[in-house]
Amino acid sequence: MAEVEVQQQGATMIITINRPEQMNCVNDKVAEGITEALQDAEADSAVCSVILTGAGDRAFCTGMDLKFAATHGSSSVIIPGRGFAGVGGYDFPKPLIAAVNGYAVAGGLEIVLNCDLIVATEDARFGLPEAKRGLLATGGGLVRLSELVGRSVAMELALTSEPIWADRAMELGMINRVVPRERLLAEALSFADKIAASGPQAILNSKRLLRGSYARATERIWQLNSELAIVTMESSEAAEGMAAFIERREPRWQRMEDESLS
């Protein structure tokens, strides 16, 4: 069974993370599969937009597979030049639509935040729980979140690790639509059909202009993001957080001075 499934529906490519039993968390095969699919979509002039979604009814994506990362390291789920899962830090030129069918947390939320349009089921939840595991949301979530929801709410999500429901995300302007589960893909495809009916070059240039102004404003933040990602992932705190997750226990934090300053 492929861990990433790809299908074409008209001018739309649909990419599905297919690890429902693992809450669609990302391992190396998922990262490689998404990367390959996006490369194909970018090269194919018949593809106007891409929908990203998750298999099953529990999760869109719950981020990095921590069991996999504890054994193999996290580098294999971060694609050079494209970021987490091949999409988290990649400025894909065509419209990306997220169809969120449950939990979108950690790297899963970071994938969502790199999409241009977001449709979610009524029971979808969004959060950045990395700090709870001694980790840092380095796939763009901390960079992009305050632009969408404001500094105070972004701080709340990042520092408390508590998720929010889809209706709250809608109120905050984080997502575009909240729909019943049975309408999720249809609503995402409706966006895609409207995009396909517009001028292809106008669509690409509109996205480029909207994203370009933001990218210039945050160039230094992305550099800091990379620097802090290395410091955090190499820390003993990150190792303890992942071990606690695997062993199904609470982390035993040592209150020590910031390792980045030592």
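**Figure 1. Aspartate 65 and arginine 19, two buried residues of the predicted model.** In this predicted model, aspartate 65 and arginine 19 are both buried. Their side chains meet in a salt bridge, with a distance of 3.1 Å from N to O. The pair links distant parts of the chain, since aspartate 65 lies in the loop between strand S4 (59-61) and helix H2 (66-72), while arginine 19 lies in the loop between S2 and H1, 46 residues apart. Glu3 belongs to the picture as well, for Glu3, Arg19 and Asp65 are linked in a network of salt bridges.

**Figure 2. The surroundings of arginine 19.** The loop that holds arginine 19 runs between strand S2 (12-17) and helix H1 (28-43). Arginine 19 has a relative accessible area of 8%, and because this is under 20%, the residue counts as buried. Its side chain reaches the backbone oxygen of cysteine 25 at 3.0 Å. When the neighbours within four places in sequence are left aside, arginine 19 is in contact with Glu3, Asn24, Cys25, Val26, Asn27, Val30 and Asp65.

**Figure 3. The salt bridge of lysine 207 and aspartate 116.** Lysine 207 forms a salt bridge with aspartate 116, and the closest N and O atoms of the two residues are 2.8 Å apart. This pair, too, links distant parts of the chain, with lysine 207 in helix H8 (residues 200-217) and aspartate 116 in the loop between helix H3 (107-113) and strand S9 (117-121), 91 residues apart. Lysine 207 counts as buried at 11% relative accessibility, whereas aspartate 116, with a relative accessible area of 28%, is partly exposed.

**Figure 4. The salt bridge of glutamate 240 and arginine 249.** The side chains of glutamate 240 and arginine 249 meet in a salt bridge, at 2.7 Å from N to O. Both glutamate 240 and arginine 249 are buried. Side chains of opposite charge can pair when their charged atoms come close.

**Figure 5. The chain as the setting of these close-ups.** The chain contains ten helices and twelve strands, and 49% of its 262 residues count as buried. The count of salt bridges comes to nine. Among the contacts in the chain with a separation of 6 or more, 70% are accounted for by residues 24 or more positions apart. The accessible surface of the chain comes to about 13100 Å², and 52% of that surface belongs to carbon and sulfur atoms.

Conventions
Residues are numbered from 1 along each chain as its sequence is written. This is a predicted model: local features need pLDDT of at least 70, side-chain atom pairs count only at pLDDT 80 or more; totals for chains, interfaces and linings use all residues. Side-chain values use heavy atoms; hydrogens and water are left out. Helices (H or I, at least four residues) and strands (E, at least two) are DSSP runs, numbered from the N terminus. Buried means under 20% relative accessible area, exposed over 50%, partly exposed in between (1.4 Å probe, protein chains only). A polar contact is a pair of N or O atoms within 3.5 Å; within protein, one must be able to donate a hydrogen and the other to accept it, and residues adjacent in sequence count only if both atoms are side-chain atoms. Contact means heavy atoms within 4.5 Å. Accessible areas come from the Shrake-Rupley method with a 1.4 Å probe; for residues, only the protein chains shown count as cover. A salt bridge is a side-chain nitrogen of Lys or Arg within 4 Å of a carboxyl oxygen of Asp or Glu.
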